[in-house]
Amino acid sequence: MISTGIFTGYYPYTIDETIAKIKASDFSCVQLDVSFKDLDATKEPLTKEKANMIRDKFRDANLPIIAISAYTNFVHPDPVKRQENIDYLKMMIRYARDLGCPYVASETGTYNEESDWVWDDRNGSEKVFDEAIEIIKDITAYARDYGATFIVENYVNNVIGSVDQVLRMFDEVGTEGIGLICDPTNYFDEAHFGNIDGTLNEIFDKLAPYMKIAHAKDIMKAVDTSEKHADIDADASHSFRGSGAIELPAAGLGVLNYDLYVKRLAETHPNIPLIIEHLDEGDIERAKAFVDGTLKKVGV
């Protein structure tokens, strides 16, 4: 049975307050953002003691941590910023097991200097793709040393975004120490928007074996093609709502075929966690009811 979870980063509170609110909403698991009001890994280095404290609090609450967020732009064109971002990702990998979960997530980034999610024409070059692959090889080797797995979240405006690019990544990097986050919304650009079901089926036909966890958000045609962010107390990776022709609202607010999505997901991953995202705190109950309702309707 597919379980329903949520990113902790949508709750702008302390660790204890966040756990209490997630429990009150009856989620069964979380993707961990170490960005609490009383402990933020982007502002202070993690230690084994801090990581174990977080892990134990979620264990005591019976809220399994199914992945750890370490979202960063590791192909940033500024070499100093790039190295800082890679160092942050590696820090999260280093403490993954101490946090209670081997899966550490990030997107692959963009050469855009102003945003982690806006397309840059250099992203499409062989040079930048090769750079990204070499960085991913280094990250996955590092992950293997610490008993962790780097789980990639592709995005259409990043260096690795399409089905073919994801396949090429696994072909060149291998499958040891690396996996894939299943988020079909991240493959949609204007060209794919007219073939939603076909795109969903292609994703699962070609990429299902690599999937480790799944995300739940939605797609809709954007009126404003600029980068969009919600006005919420969260880091940019959680306030982000799309860039270009496709907007990325919360699950149930767009046109993604959710019945087909969860049906295909359950065929090969019947017990995978499905993590709700791209919402504000006031929309959590509606989004969870939509996702739970779809899972019940499809019978997974």
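How many residues does helix α3 have, and how far does α3 reach from its first C-alpha to its last? Helix α3 (residues 79–94) has 16 residues and spans 22 Å between these atoms, close to the 22 Å expected at 1.5 Å a residue, where the expected span is 1.5 Å times one less than the number of residues. Helices (H or I, at least four residues) and strands (E, at least two) are DSSP runs numbered from the N terminus. The model is predicted, with local features requiring pLDDT of at least 70 and side-chain atom pairs pLDDT 80 or more, while totals for chains, interfaces and linings use all residues. Residues are numbered from 1 along each chain as its sequence is written, and side-chain values use heavy atoms, without hydrogens and water.

C29 is in no disulfide, and the nearest cysteine sulfur, that of C101, is 10 Å away. C101 is likewise in no disulfide. C29 counts as buried because its relative accessibility is 2%, and C101 counts as buried at 4%.

Note on methods: A disulfide is a pair of cysteine sulfur atoms within 2.5 Å. Buried means under 20% relative accessible area, exposed over 50%, partly exposed in between (1.4 Å probe, protein chains only).
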